[in-house]
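Notebook open, structure loaded. I'm jotting down what I look up as I go.

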Amino acid sequence: MPPAPLMPDSALAARLPAVEAVVRAALAAGSATCAVVEIGDGDAVRGRLALGRVSSVGDAAAADAETIFDLASLTKVLGTTLLAMRLEEAGRCAMTDPVGRWWPAWYGPGRDDTTLADLLAHASGLAAHRPLYESRRGALSFADAICRLPLDAPLRAAAVYSDLGFILLGVILERIGDAGLAAQVASMLGALTDAPLAYRPPAAWRARTASCGWEASRQRELICDVHDANTWAMDGVAAHAGLFGTARAVGDVGRAVLRGLRGATVDGLAGPDTVRRFATRRADVPGTTRALGWDTMKPTSSCGRFMSPTAIGHTGFTGTSLWIDDARDAYVVLLTNRVATGATADAMRALRQGVHDAVFGPPA
């Protein structure tokens, strides 16, 4: 298959009307109350649109380019994975290190050979999720519980997308970096963007933050309050979720990763060889599309049908996604608050696919 052609600046901008039509239809169908999309290449933003209102309340503010979203599992790539890259490149660790070297409570049959890479690639055998928030508080308590949980699969036998594996990785990165996760991530992201992107958003962000809807167990509407209950029980800071930010901030980081994939050295980011090794090499696990932290292109996934085979990306449960196509020199940020309306995962997948097909597919 010949390489995909680069998308000229004007071609990316020209796709915005088609993207807008897809998003308007999804909002009208109740997929979210608002959405912000940014598209760009390695040099600049080439288009941005914002639609809807930040909540379903009648007088809610209109969404705009500065609307802040709960990014959910985009935290896994924007924070945790990029931090792991930097720590390895600095010589503080290797992704081939056994987990037990850094966290001795992780031991026993089926665990002793687990590496940091296995946690990043969702290949450790840990379950996808457990409601640890029901009885635990704090990251160290969570890590203790995770080390005692039975495995759902043998090591590297299957990719089981696991928040639990990332929670454990987060406390390990704190030990490796000799600092808290929030502090390390803030320092790193501060070099990549000056737009809002942080754990535990301040009260000043509330008026421009998209609602995640009413949460019965906490008896409040979730605005500047992390949606993921396990992250909430860890005081809003976790390796699998917890970051809040704008499309501009996510786009800044996505553009940096895109430039790294295309061979550039970017201040604040690991070197291009490390970026490519983490992002584009699928794990040696049967049937997986997962690389280290990142997902890779599959035509039936959220990336749609027309991205290049080397494209990478990730999604977030609240209705967020970032996809990067290095061969086309393009990225797409889609931020929504789909949990505020209770939209199904299928509806969100259709919206993501529709947006990405509108950007990368044949012109209408």
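Predicted model: local features only at pLDDT ≥ 70, side-chain atom pairs only at ≥ 80, totals over all residues.

Why is strand 10 largely enclosed by the rest of the structure? I checked burial: 6 of the 6 residues of strand 10 (residues 320–325) are buried, so the rest of the structure largely encloses it. Buried here is under 20% relative accessible area, exposed is over 50%, and partly exposed is in between, with a 1.4 Å probe and protein chains only. Strands are DSSP runs of E, at least two residues; helices are runs of H or I, at least four; both are numbered from the N terminus.

Residues are numbered from 1 along each chain as its sequence is written, and side-chain values use heavy atoms, with hydrogens and water left out.

I looked at the two faces separately. Thr-320, Leu-322 and Ile-324 are buried on one side, and Ser-321, Trp-323 and Asp-325 are buried on the other.

Next I followed the pairing (two strands pair if DSSP finds at least two bridges between them). Strand 9 (residues 312–316) runs antiparallel to strand 10, with 5 bridges joining them. Gly-316 has Thr-320 as its bridge partner. This hairpin has 3 residues between the strands, and Gly-319 takes a positive phi near 115 degrees.

Strand 11 (residues 330–336) also runs antiparallel to strand 10, joined by 6 bridges. Trp-323 sits opposite Val-332 there. That hairpin has 4 residues between its strands, and Asp-329 in the turn has a positive phi of about 50 degrees.

**Pockets**

I ran through the open space next. A pocket is an open set of points on a 1 Å grid over the protein atoms alone, where a 1.4 Å probe fits, with protein on both sides within 12 Å along at least five of seven lines; lining residues have an atom within 4 Å of a point. For volume, grid points are joined across faces, edges and corners, and I take the space filled by probe spheres set on the points.

The largest pocket holds about 820 Å³. Of its 33 lining residues, Tyr-161, Thr-315, Gly-316, Phe-317 and Arg-338 lie nearest the centre. Strand 9 and helix 12 (345–360) are the elements that give two or more residues to this lining, and helix 12 gives the most, with 4. By class I get 11 nonpolar, 12 polar and 10 charged. Nonpolar is Ala, Val, Leu, Ile, Met, Phe, Trp, Tyr, Cys and Pro; charged is Asp, Glu, Lys and Arg; the others, Gly among them, are polar.

The second largest pocket comes to about 300 Å³. It has 18 lining residues, with Ala-117, Asp-118, Ala-283, Asp-284 and Leu-292 nearest its centre.

**Cores**

Which residues have the most contacts inside the largest nonpolar core? They are Leu-168 and Trp-294, in a core of 82 residues. A core is a set of buried Ala, Val, Leu, Ile, Met, Phe, Trp, Tyr and Cys residues joined through side-chain atoms within 4.5 Å. Helix 7 (residues 163–177) gives the most to this core, with 9 residues. Apart from it lies another core, of 26 residues, including Leu-16 and Ala-311.
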